[in-house]
Number of protein chains: 4
Amino acid sequence: MDFASDTTAPAHPSVIEAIAAVNTGSASSYGADDVTARVRNLLADTFETNDFDFWICASGTASNALALSIMCSSIGAIACHEEAHIERDERGAPEFFSGGAKLRLLPGHGAQIDETALRDALAQNNPSFVHETPLETLSLTNLTECGTAYSVDTITHYAALAKAEGLNVHLDGARLANALAHTGATPAEMSWKAGVDVLTFGLTKTGAIGCEIIILFGQMRQQFDALKARAKRSGHMPPKMRFLAAQATAMLDGGLWLELAKQANSSAKTLANLLCAQPGVSLAYPTDGNEVFAVLPPAIEAKVQQAGVKCYPWPGGSYRFVCSWATPQSDLDALRDLLAEA
Amino acid sequence: MDFASDTTAPAHPSVIEAIAAVNTGSASSYGADDVTARVRNLLADTFETNDFDFWICASGTASNALALSIMCSSIGAIACHEEAHIERDERGAPEFFSGGAKLRLLPGHGAQIDETALRDALAQNNPSFVHETPLETLSLTNLTECGTAYSVDTITHYAALAKAEGLNVHLDGARLANALAHTGATPAEMSWKAGVDVLTFGLTKTGAIGCEIIILFGQMRQQFDALKARAKRSGHMPPKMRFLAAQATAMLDGGLWLELAKQANSSAKTLANLLCAQPGVSLAYPTDGNEVFAVLPPAIEAKVQQAGVKCYPWPGGSYRFVCSWATPQSDLDALRDLLAEA
Amino acid sequence: MDFASDTTAPAHPSVIEAIAAVNTGSASSYGADDVTARVRNLLADTFETNDFDFWICASGTASNALALSIMCSSIGAIACHEEAHIERDERGAPEFFSGGAKLRLLPGHGAQIDETALRDALAQNNPSFVHETPLETLSLTNLTECGTAYSVDTITHYAALAKAEGLNVHLDGARLANALAHTGATPAEMSWKAGVDVLTFGLTKTGAIGCEIIILFGQMRQQFDALKARAKRSGHMPPKMRFLAAQATAMLDGGLWLELAKQANSSAKTLANLLCAQPGVSLAYPTDGNEVFAVLPPAIEAKVQQAGVKCYPWPGGSYRFVCSWATPQSDLDALRDLLAEA
Amino acid sequence: MDFASDTTAPAHPSVIEAIAAVNTGSASSYGADDVTARVRNLLADTFETNDFDFWICASGTASNALALSIMCSSIGAIACHEEAHIERDERGAPEFFSGGAKLRLLPGHGAQIDETALRDALAQNNPSFVHETPLETLSLTNLTECGTAYSVDTITHYAALAKAEGLNVHLDGARLANALAHTGATPAEMSWKAGVDVLTFGLTKTGAIGCEIIILFGQMRQQFDALKARAKRSGHMPPKMRFLAAQATAMLDGGLWLELAKQANSSAKTLANLLCAQPGVSLAYPTDGNEVFAVLPPAIEAKVQQAGVKCYPWPGGSYRFVCSWATPQSDLDALRDLLAEA
């Protein structure tokens, strides 16, 4: 029973097959290959626009940090939730890639930024006051770190607030697929149509080996050359790019990425129901995507630990259970049986 | 006829097979998996020691820069050849990862550092003179950027000179396999036994998709935690590490990496002979590895260009032809036929 | 009536005289001069120890950031109060000088870190968890940004808590003189005896032109060469150091610095009393030093603004009034008269 | 006999007097004071333009690095002479302030960039080649590190070459006064009229305590806010700015700065003549300003060393003797007598 993370899962077989399929003959290095060209077409279809540039990156941390490094100068600040991945789980990557930008942390339930806190931060922002670091970027995360989904309306609303103060808007979409599967929104609605300037479009947790796509929309495309230069100097411009691109094609082709996210969400819903059927169990946050945050009574907590169920204690006292596209029904069954004993 | 680079080649089929083979069930993230553990054993055998730590990284640029970032402080300098990859082809990665260290460029024929220049630089080094940035690290490259191989004796000698002045020694081994295939030296002899503290052990150009191994020997192991932290914050700690590790196992198992390098070197020797058989063709540097640098008379230059042979004009007036494990005999035959027409 | 800041005040005449006095003949550059040597002796007397190294710097922001840059690596974090000068008023200087370290912000009334918050942060600190940036340094400020003074006991207690978790301890003493004048503690008691490893000993706000002294105690002296190198590359190693040193001698000689702080504190106490004598006025924080934070009823607020009294609106709704050594009695009298009208 | 540096000299008495004169009453912090306003008027007169912004800084190293940090991005490179102060004597300050930009070193006699080398570097510059760091800025120095003066024509010519390739132009004028005194050119002719975008206008070596002025001309004024932010976060925005400004007014008023430079140049000419009158002495570079670089025969070298004459051995085998505004005639006489004995 491994619910530790969606990154402990294997890759979807289609990904491996796509890698094997492109492993023939010579191909131009650094993204000037046919497979990478196909990714562009697939992204244009997926996001219903051609007004974008993109860069494929094996790392989610690097994708976020690279994106932010072209959105915020070294003398600016990035507003984000205090539990955001870029603050809590990336070992200072945004500060490193930006050359010393600051993160301004905002509170809010379920890892969603509280609107009042956002408004206050924006209202106090004063770029002409040289002593304090001004906000230049708002970074949102969907799914959030607590597994909740922002609605398209909220993303749109927050982006508008930020833009009114001259900020640009980043969306960390490491689990965007899960948020879309939950809300039913289209990729376009949740990104550029909502005011998102740069999207980190994650496919790793969805089912790839390591494949995230940084997508620059509209005006932000002017920073594409800078993005590539920064990718190069940070070691995120692999010569044999076709293999990264192959992962993207496998995931995007026919909407596999969204199907896998639906599967993961569905497993999480089942898991949440199993847990909630137990007396004394409650959810810390709604299960919008593929992550369940459950507060367990001591007896169940002990049972779960004794059985070696892999899950992750979370700040605030709950446990995080993550499902992936590959979560086996047998793991869910085993958990059901375990709980039944309790 | 693609002799543009060893990075335009596909990966060896064993690499793809190894990736497919590990794609089953869940595995701990971030290197705490069985495949990564196997890499350790293979490296211990390959380098005949257990006194090492290692980190697998998809990028050669990042591997060099990460290695250097734990060997040189932000207020120190790195001595290297003026044509070194870290100076010429990494877009300032060492400066970025180190937080502003300087590169001190040394001359020398065939991209090998001239001994007198090295001695002079070391003699002038004065860490107590606060105004000038002192050398902290010597970075060597083998194969060099001009396709020549340092001997074990030279590496050993230069390392001793550097250590006598308190520097530590880095070896950029993006094409170490080719240098070993040429010299017949063992991996141990060319690395820790020669005084190398940190090795960037490249497998990408040899036949992997993207797989370099940063190896810390002896005392430098004390920096391993710092290396991991820096890998994390630069996006070089992939959650699904098993797939990187699988590439390494495929290459190291049974010495495949060395066999592939021998094959590439052999193709390059054939190619060099084909070219040198033509009147007026000369080699700019000896073909020690898998790269041929040839000065072409105008007629042959024109022929080669018209035929669309992929090769790379090199500073100084020669053309670089690179062979890989996958260079097809048909490409060599086609080149022979083309030259025969001339 | 200028209560805007203690930095709008002139320098004490002794400082100007000392500068004029050293302006004769040639002197070695970069601190190898007799005046700087005298500063060492004065500091040894002032702090009752010889186990220290020091660097004089014209800037408080730079002094803090330089100090922190030798106390916290680029991959570490600094715990400080959420209203600390290093977070709020230095435009990201700690992040810049450290190469990307993070600040971990802790709450607490009166800009003093809450003990429970400190304990929690220390308890959660896990340097072996590579994903999150571990705390390496605790930075305290005395006087705090709200004009309150930490006691020697609290500094000692907090330092002990931090050291037990492997952190080192920085004290931002931009207004240390005012804190000492209030508490009656000796410089030694409030610094190295309390567990402070590096002190930013401010003399600018006390009465110099621009003169702060970074003092490294005990083990931290091993970082002195690194400090000088970092001072050099950030432009804080002036060739004509004797003029900075002269400011320090003027202030330290005969304890002038402490006398001036007592004078400033006394003026602030008078000012606080004037304000509190008015119905409806309350102090947001106790007036421990030379800063008064007063909540003004609308009538008085209007009166003060109409009269052009220079003071500074503070987050939370109070006004900050600052006195310096040079606050004229006439300004205090004028304020009394103004309030009497109200 | 102290010819070690122009920074061992005292400040001109007018500078001290100016500092004393402004030390009265309260003044707005951070440059919003009357004295700083006067500097603007004096600079407008001196440089015959109002199309500029400026920032006063106590440090020459910081002034250069701050200037370069707004002229070159962290992913760009700066072309300069291989003996330039920014490369050799600032401990990596440009790399630090820019966030990792590279210096591209060009050769040339007398620390003046060779035109062919400059043309070659510009011709090879390829900003669209992502792997190599492209030049963004040309930094010239006048006086050079070898005491020679670029003519206005050469500055103008080099600036035009650089601008044709999209670079902007920085002039390190730590000893600009000496170059102007030598060439007879006006400040305007040697700066913005010649194509200089940002000038580091040094007054410290000329006779101030520590006072350099970063001047942004024309289009570069758009970076003024960024410059201030970077000055703030590097600790080069002193609250009591009036004292820095006072130094500038003292030096600029009535052209004192130029008079002092003429005096220093004249002393150096006398010194050069004294040395050259000795058999076997030759000058390594012409004495255009206040620095003499002399190759001494062994007998004279020994004499000079025994007498404790302060001068500085220079790379290449000469000795550097520096005169300042304050070089006493008695030192020149004493040197004459010493040489007469030889």
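Domain bounds, as used here, come from an automatic or database domain assignment. The structure is a predicted model, in which local features need pLDDT of at least 70 and side-chain atom pairs count only at pLDDT 80 or more, whereas totals for chains, interfaces and linings use all residues. Residues are numbered from 1 along each chain as its sequence is written, and chains are lettered from A and ligands numbered from 1 in the order in which they are written.

Chain A is divided into domain 1 (13–255) and domain 2 (257–341), and the C-alpha centres of these two domains of chain A lie 28 Å apart. Their contact (C-beta atoms, placed from the backbone, within 7 Å) takes 19 residues from domain 1 of chain A and 17 residues from domain 2 of chain A. On the side of domain 1 that touches domain 2, the elements giving two or more residues are α8 (176–183) and α11 (242–252) of chain A, where helices are DSSP runs of H or I with at least four residues, numbered from the N terminus; the largest share of this side, six residues, comes from α8(A).

Between chains A and B, the contact takes 40 residues from each of the two chains, and α1 (13–22), α3 (60–69), α5 (93–98) and α10 (224–233) of chain A each give two or more residues to the side of chain A that touches chain B. Superposed by least squares on the C-alpha atoms of residues with pLDDT of at least 70 in both copies, chain A can be laid on chain B with an RMSD of 0.0 Å by a turn of 180 degrees and a shift of 0.0 Å along the axis, which is the relation of a two-fold axis. Ser234(A) is the residue of chain A that comes closest to this rotation axis, at 3.4 Å (C-alpha).
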